[in-house]
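Hi everyone, thanks for coming.

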Amino acid sequence: MVFRFTILSDEVDDFIRVIDMDAEATFLDLHNAILDSVNFKKDELTSFFLCSDEWEKEQEITLIEMDTSSEYDNLVMDKVKLGDLLTDEKQKLLYVFDMISDRSFFIELSEIIPHKKLSKPVCRISKGNPPEQMLMENDLSTIDKINLDENFYGDESFDIEELDGEGFEDIDFGEGNFSEDDLNY
């Protein structure tokens, strides 16, 4: 059985990819097919999410094993076949390719083609430029350029005497305003 996925972006109007894959392929195979179709580097953390019809995130399938407090099991891309979780046409998925900014591709299982097999993914349609990939900097040499002296976290002239007994600065409430007694928490 072959799955046909339609992939869109909410960042680029004319972007579309249509990828056909065998149902026995893994989510890692789909991950690689998507990244190949948009020429993204493959060294960033990503996740798939099975979604409701309203695009609400449900089950997550991660690139690497992660400890989560999710109500769902922890699934990893290289261990889960597409056919294990996808059974219906129009099934929606999010592919989060930028975890920091929560940027995603919107994917729909647009067609299930029975009695066919594919040995490798095929990108049937590739139109428009993908959104720009923002790469995480793995170069720690920039830390040397940051001045981490005593001023880094705030005012070096901090005076504990500026605070009252409860740790708050004395506040001048002025005339006609409320008083400190008006602050009943």
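This is a predicted model: local features need pLDDT of at least 70, side-chain atom pairs count only at pLDDT 80 or more; totals for chains, interfaces and linings use all residues.

Residues are numbered from 1 along each chain as its sequence is written, and side-chain values use heavy atoms, with hydrogens and water left out.

When I say helix or strand, I mean DSSP runs numbered from the N terminus, with at least four residues (H or I) for a helix and at least two (E) for a strand. Two strands pair if DSSP finds at least two bridges between them.

Okay, the sheet. In general, strands of a sheet pair through backbone hydrogen bonds, either parallel or antiparallel. Here we have an open sheet of eight strands with mixed pairing, in the order E5-E4-E3-E6-E7-E1-E2-E8. Strand E5 (75-76) and E8 stand at the edges with a single partner strand each, so one side of each has no neighbour in the sheet. E5 pairs with E4 in the parallel sense over two bridges, and Ile 61 has Leu 75 in E5 as its bridge partner.

Now look at strand E2, residues 16-22. On one side, seven bridges join E2 to strand E1 (residues 2-9), running antiparallel, and the two form a hairpin with six residues between them. Ile 7 is bridged to Arg 17 in E2. Five bridges also join E2 to strand E8 (residues 122-127), again antiparallel, with Ile 19 opposite Cys 123 in E8.

Next, the helix. H1 lies across E1, E2, E3, E4, E6, E7 and E8, running at about 145 degrees to E2. That angle, on a scale from 0 to 180 degrees, is between N-to-C directions of axes fitted to C-alpha atoms, for helices over the stretch in contact, and contact means heavy atoms within 4.5 Å.

Last, the loops. Most residues other than glycine have a negative phi. Asn 39, in the loop between H1 (27-38) and strand E3 (47-51), has a positive phi near 60 degrees. Asn 39 is exposed (over 50%), at 69% relative accessible area. Trp 55, in the loop between E3 and strand E4 (57-62), has a positive phi of about 70 degrees.

Key. Buried means under 20% relative accessible area, exposed over 50%, partly exposed in between (1.4 Å probe, protein chains only).
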